[in-house]
Amino acid sequence: MIRKLIASAAIAACLTAGALAETYAVKGKNVWTGTSAGTLTDGVVIIRDGRIVTVGGPDTPVPEGASVVSSEWVTPGLISAFSRTGIIEVDAEDTTNDSSAALSPFSVALNAADGFNPDDTAVHVTRLGGVTRIAVAPVPSTNLFAGQGFVADTSGRQEGDIHENAFVYMSMGEGGAGLAGGSRPAAWAQLRAAIDDARAYPGRYAVGGTGDVLTRLDAKALVPAAKGKELILVSASSATDLNALMDFAESEPALKFAVVGGDEAWRVADRLARLKIPVILDSFSNLPASFEQLAATQENAARLAKAGVPIAIVNLDDETHLARLMTQVAGNAVANGLDWDEAMKSLTVTPAKIYGLSGYGVLAPGAHADVVAWDGDPLEVTTNVDAVFIEGEAQPLTSRQTELRDRYMSLDESQRPRAYTRP
Amino acid sequence: MKPWNWAALAAAALLTVASACGGPKPDKKAFTKDEPFPANPYPSTYVAFPNPPVLITHATILDGEGARIEDGSLLLQDGKVVAIGKDVEAPEGATVIDAAGRWVTPGIIDNHSHLGVYPSPGVSALQDGNEISGPVTSEVWAEHGVWPQDPGFGRARAGGVTSLQILPGSANLFGGRGVTVKNVPSRTVQGMKFPGAPYTLKMACGENPKRVYGYGNGAIPGGSPFSRMGNMAGYRAAWIKAAAYKKKWDKYAAEGGEAPARDLQLDTLAGVLSGEILVHMHCYRADEMAQIMDMSKEFGYKVTAFHHAVESYKIADKLAAYGACSSMWADWWGFKMEAYDGIPENIALVQKAGACVIVHSDSEMGIQRLNQEAAKAWADGRKAGIDIPEEVAWEWLSLNPAKSLGIDSKTGSLRPGKMGDVVLWSGNPFSVYTKADQVYVDGALMYDRNDPAYRAVSDFELGQPGEGDMK
């Protein structure tokens with residue numbers, strides 16, 4: 001609960017886009033910093049002008065005029081390492097779904113950020129789950145390559161922060177085999193040819209030539225990744241497919257990879273750790289849902305962390321409308337052996353590192369003020385959010401869902417239909 | 001003359017099962033007009049496994065009927081709940097478990113699962129959950145598509161699920177019969193079937209039927225139904241046929257003569273009209289549920305439960321008045337238009353209105369954590385000012401689904417005399433950190449988190465990477 005100088009609703013009400021950020025003191029019985037400072041008891045986080053100024057104990061001076069928020073827990077804003085929030089309003093309605101383009105001739109060049117809609121209702125719902133940044137990946141359809149992913153804030157503001165071309169997303173394993181023509185050998189041939197196309201750009205295209213698999217625009221878009229300057233996110237699950245990827249990574253040491261899925265990653269954990277390849281996983285996965293996930297177990301996260309593999313935990317069951325359930329997934333990972341602190345890092349520090357987001361995912365002086373106050377343990381399913389700050393601005397805790405809820409709290413229509421009730 | 005009805009047939013069939021227990025005996029009985037054909041040709045062969053007495057002590061017990069007992073004891077004997085309370089004596093030879101700090105609840109019952117019909121691995125050869133060939137397929141029975149080796153059954157057991165309803169999918173207006181099973185490993189589906197559970201009928205509203213049939217095969221219009229109007233017309237046309245069919249059989253039962261020709265499709269629908277088969281209907285939108293309730297009155301049957309029901313909160317008063325359960329997710333929304341208005345407080349708002357609440361999964365993942373789904377809904381309600389005691393919320397997971405499946409006199413709560421379907425949790429099951437330590441089905445220990453000897457491994461997982469691992 002918020003013990004306050006001003007209520008959270010009032011904080012939300014004073015918000016105007018672009019207004020000068022206020023000074024806030026966010027107090028928590030427990031303040032998890034994500035740094036070597038660990039978890040502070042009765043901690044205080046001072047926010048001013050978009051940045052964290054101080055992180056300290058109960059004696060931390062609160063600047064005059066600061067708005068005070070008090071909660072059970074305070075953490076950095078969570079970062080979803082893999083989502084589709086903001087590019088799909090309603091999955092089944094093609095006109096509202098900008099995640100894939102089966103009829104486009106392009107692939108790597110498809111920039112998911114061109115489809116990002118900050119007004120998307122799921123952006124607001126995600127923010128209300130304490131998630132302040134989302135890495136968003138397109139869905140592959142033309143070939144192995146889905147296109148360019150981005151990282152955005154969840155403020156829902158048109159002028160919100162967006163980091164484009166944060167990664168190239170591609171699919172290997174069974175999915176990649178299907179996209180490349182029907183087999184894993186076809187997928188590997190396509191990947192190698194695509195890297196060659198990028199490295200031959202612009203030369204072979206300049207004289208009217210074509211690439212082996214990529215159009216001119218796609219080859220151009222793959223150049224940074226082919227030079228090791230842009231991360232390549234690869235969806236792969238089985239130990240065999242992950243070993244094949246690591247063989248490739250070893251033969252191409254300049255390239256930067258991270259794995260998405262990685263259901264059997266625990267079987268090759270030591271090699272992943274040695275190659276410093278992070279795994280973005282949904283640790284709920286524990287069924288042989290396909291022949292590439294036979295050894296899936298909820299202990300995957302714990303085993304990977306123990307081996308020293310950087311992990312980011314996400315909800316892959318619905319990465320669009322319920323990306324926020326990453327906390328529940330992480331809590332279950334703890335119930336299956338993952339250290340609680342590691343679980344928190346998998347939602348904050350590690351995704352920030354994967355995407356090179358310096359100054360995010362931690363509560364530290366000078367860091368960007370993405371801060372969340374919770375009414376309990378953030379990984380607990382019964383916990384809710386008390387306050388969310390993005391770049392130092394208190395965020396509205398309303399969404400289309402909360403408006404529907406408030407309209408239908410009463411079903412009384414004795415005077416007028418519910419449609420006249422606007423929360 | 002006694003009127004012919006499906007209840008009599010079911011009762012006769014149960015007697016047949018009982019007599020068959022003595023050994024295989026070809027049934028040479030000539031069918032009479034009172035039992036013109038076998039009503040239960042695929043009977044349950046489930047028998048409880050050995051179940052020595054177990055006394056669980058010092059536990060926090062939620063009895064599943066709204067009561068909580070602190071520092072309580074629960075005695076299971078001969079497969080039944082025998083005693084529950086503060087002081088329960090251990091009978092001779094009973095295993096006594098000190099459950100201090102742990103919780104005990106009735107086993108979870110998921111009334112919406114596709115385990116076995118859409119099993120893992122999800123390869124094309126094992127997709128047996130939807131007879132998509134036509135909008136009316138009430139002739140198909142889910143049990144004929146259930147693959148008992150689906151590893152998902154074991155995962156659900158580890159999540160405390162002791163019974164479940166397996167339903168056909170939701171492409172069709174009438175999808176077919178569902179089957180209720182006890183969650184025990186078995187070589188056959190008959191070995192899982194819940195003894196005496198009534199049959200159910202899966203129906204579907206809204207987008208799915210019109211998308212699959214109207215927009216199917218790449219041609220527009222692909223066929224009927226093409227719209228929600230077509231959905232309603234399709235149901236009504238089928239009910240009219242079913243009523244005529246039932247009338248013929250009722251006449252035959254009353255007057256004899258030549259038996260009418262059987263129609264498998266109409267057998268099921270007539271079973272609904274005679275009240276023997278329970279209707280479980282996939283329906284998202286409030287306005288559609290209201291139409292369906294009217295239609296059920298038009299033809300004289302009852303919808304037992306609306307499934308998914310993401311807009312139940314908008315008509316919770318009408319659902320309470322009608323008496324249908326809403327079988328809901330905690331928070332799924334947005335994946336299609338009819339799910340667009342889903343809110344996390346749906347469950348709590350339906351409870352607040354006094355209507356019947358069920359938490360269901362419709363997911364091989366969700367079924368493993370239905371306690372957490374209930375916990376989320378409970379907490380979202382609390383945040384909105386709707387305070388529901390945990391012991392009441394547990395009814396969403398056991399007693400209410402049991403009612404919706406017609407098995408609440410046998411299971412779904414810890415009332416003495418009921419089946420010993422019980423979960424011993426490592427702590428408060430409304431916490432993300434809590435796991436099922438032990439799961440009992442009819443008093444027999446069928447899962448023990450700490451003992452590999454009580455963790456079944458399906459045939460499919462034998463000899464594969466990860467065999468027998470902690471999952």
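The crossing of α4(B) and α6(B) is right-handed, meaning that the near helix is turned clockwise from the far one by less than a right angle. This is a predicted model: local features need pLDDT of at least 70, side-chain atom pairs count only at pLDDT 80 or more, and totals for chains, interfaces and linings use all residues. Residues are numbered from 1 along each chain as its sequence is written, while chains are lettered from A and ligands numbered from 1 in the order in which they are written.

**Helix pair in chain B**
- The axes of α4 (residues 228-255) and α6 (residues 286-299) of chain B come within 11 Å and cross at roughly 20°; axes are lines fitted to C-alpha atoms over the stretch in contact, with angles from 0 to 180 degrees between N-to-C directions.
- That makes α4(B) roughly parallel to α6(B), a label for angles under 35 degrees.
- Helices (H or I, at least four residues) and strands (E, at least two) are DSSP runs, numbered from the N terminus.
- From α4(B), Met232(B), Tyr235(B), Arg236(B), Trp239(B) and Ala243(B) meet Gln291(B), Met295(B) and Phe299(B) of α6(B); contact requires C-beta atoms, placed from the backbone, within 7 Å.
- The residues of this contact divide into six nonpolar, one polar and one charged.

**Contact between chains A and B**
- Chain A gives 37 residues and chain B gives 44 residues.
- On the chain A side, α10 (326-335) and α13 (400-407) each give two or more residues.
- The largest share of that side, five residues, comes from α10(A).
- The chain A side holds 18 nonpolar, 11 polar and eight charged residues.

**Domains of chain A**
- Chain A is divided into domain 1 (3-76 + 370-404) and domain 2 (78-354), with bounds from an automatic or database domain assignment.
- Their centres, taken over C-alpha atoms, are separated by 30 Å.
- The contact takes 21 residues from domain 1 and 26 residues from domain 2.
- On the domain 1 side, β15(A) gives the most, with three residues.
- That side divides into 12 nonpolar, five polar and four charged residues.

**Sheet in chain A**
- Eight strands form an open sheet of mixed pairing, in the order β6-β7-β8-β9-β10-β11-β12-β13; strands pair if DSSP finds at least two bridges between them.
- β6 (78-83) and β13 (311-313) of chain A stand at the edges with a single partner strand each, so one side of each is left without a neighbour in the sheet.
- Neighbouring strands are turned by 25° against each other on average, direction ignored.
- Four bridges join β6(A) to β7 (residues 131-136) of chain A, and the two run parallel.
- Ile79(A) stands opposite Arg133(A) in β7(A).

Note on methods: Two residues are in contact if their C-beta atoms, placed from the backbone, lie within 7 Å. Ala, Val, Leu, Ile, Met, Phe, Trp, Tyr, Cys and Pro count as nonpolar, Asp, Glu, Lys and Arg as charged, and the others, Gly among them, as polar. Angles under 35 degrees count as roughly parallel, over 145 as roughly antiparallel, 65 to 115 as roughly perpendicular and the rest as oblique.
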